[in-house]
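Here are my notes on the model you sent over. Have a look at the structure first, then read on.

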Amino acid sequence: MNIYIASYGKGDEKGIYIVDFDPDALKLKMIKHIATEDFPSYLITDHDTLYASYKNARGKNDGGGLGSFSIVKDDLILNNNYNSSGRSYTHLCISKDGRYIFAANYHVGATAAYALKDKLIDHKIGAIRHKGLGPDLLKRQTGPHVHNVGFTPDGKYLYAVDLGADKIVMYTYREGKLVEDPQHTVSIIPGSGPRHLIFSKDGNFAYLVNEIANSVMVFKVVDDHFSLVQNVSCIPHHFKGFSSAAAIRMTSSGEHLFVSNRGHDSICLYRVNKESGKLSLLYMVHTKKGPRDFNIIDDRYLLVAAQEDNALQLMTFDEENEKLLMTPYECEVPAPVCVAFNK
């Protein structure tokens, strides 16, 4: 199967890499590099289309934005790039009806909405600037920084996770137009620096990874309101170095959850109590430097993007016996930052 890797490689090395993964032989083989003018920061697939959010690499007001590619066998064919006048996006999601694409603007601190037409990014509908800041001593919270966008399981809300303002902002999105619902927007413990949010399949629990606090917060969701039930650390208490939590994902069974740590350079494995939603840390497995993202395939494999060591690493996972193992198999990719595949 083909894996799509977003790369922050220098110069002509940046772009999207296609890697073949053979689960039987546990082999990773580079197939192709699709060069892009800007840095692809996040990738998602929708049927046979891959969408990319771009971080502006040109230093002018003529880059950034979004891209659409058709997945054709071992290749990606560009449908179109939509220039966002220098605005950089770190994340994106698509409405269930395939008519709208939403993007997180980290640097400006805004949530943007675009219309889709025949897999093309057709036009920008609008954007809403967030407000707020936080107490982070490293000045990562001097203003709003939207890091992640997605949908609640019932599709009722679009959420935008704001690392700078310590908030999960909830929006309704009729005809792609965003309107904040302040009664359901969630304020996070100041200084947490929330990064990404996922939900249990039944929508009863939400799991928020906090980049600055290096923690995972578990929320009980009742009538669209979030109640904090647990806050657990992603790094060992004895670890004194700098670390920042990054990606969070759950197995399709909903029984296990993973988080990546940059600095401690590890993947955390948690057991999920499906009744209470609470997490129990099982153990951590070390990776190469800077595991910014990872993805889970068939609940049996983890592919880890170690940005600082230019490596895509392969881990195996035996869910029944709760065994997560790092393998010696990997593929060299310049500064990988996102791992996606066509489900």
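The points below go from the overall fold to the salt bridges.

1. Ground rules. This is a predicted model, where local features need pLDDT of at least 70, side-chain atom pairs count only at pLDDT 80 or more, and totals for chains, interfaces and linings use all residues. Residues are numbered from 1 along each chain as its sequence is written, and side-chain values use heavy atoms, with hydrogens and water left out.

2. Secondary structure and size. The protein chain has 29 strands and zero helices (both are DSSP runs numbered from the N terminus: E of at least two residues for strands, H or I of at least four for helices). Its radius of gyration is 19 Å, close to the 20 Å from the globule rule for 343 residues, so the chain is as compact as a globular protein of that length. That radius is taken over C-alpha atoms, and the rule is 2.2 Å times the number of residues to the power 0.38. The C-alpha trace spans about 50 × 45 × 35 Å along its principal axes.

3. Of the 343 residues, 59% count as buried (under 20% relative accessible area; exposed is over 50%, partly exposed in between; 1.4 Å probe, protein chains only). Among contacts with a separation of 6 or more, 45% are between residues 24 or more positions apart; a contact means heavy atoms within 4.5 Å.

4. Charges. The chain carries 38 positive and 40 negative charges, with mean positions 5 Å apart. Lys and Arg count as positive, Asp and Glu as negative, while His and the chain ends are not counted. Each charge is placed at NZ of Lys, CZ of Arg, CG of Asp or CD of Glu.

5. The structure holds eleven salt bridges (a side-chain nitrogen of Lys or Arg within 4 Å of a carboxyl oxygen of Asp or Glu). One of them joins Asp 136 to Arg 140 at 2.9 Å, N to O, and both of these residues are buried. Arg 195 and Glu 211 pair up at 2.7 Å. Arg 195 sits in strand S17 (residues 194–199) and Glu 211 in the loop between S18 (205–210) and S19, 16 residues apart; both are buried.

6. Lys 156 bridges to Asp 224, with the closest N and O atoms 2.8 Å apart. This pair links distant parts of the chain, 68 residues apart: Lys 156 is in the loop between S12 (146–151) and S13 (158–162), Asp 224 in the loop between S19 (215–222) and S20 (225–233). Why does Lys 156 count as partly exposed? Because its relative accessibility is 45%. Finally, Glu 37, Asp 38 and Arg 58 form a salt-bridge network.
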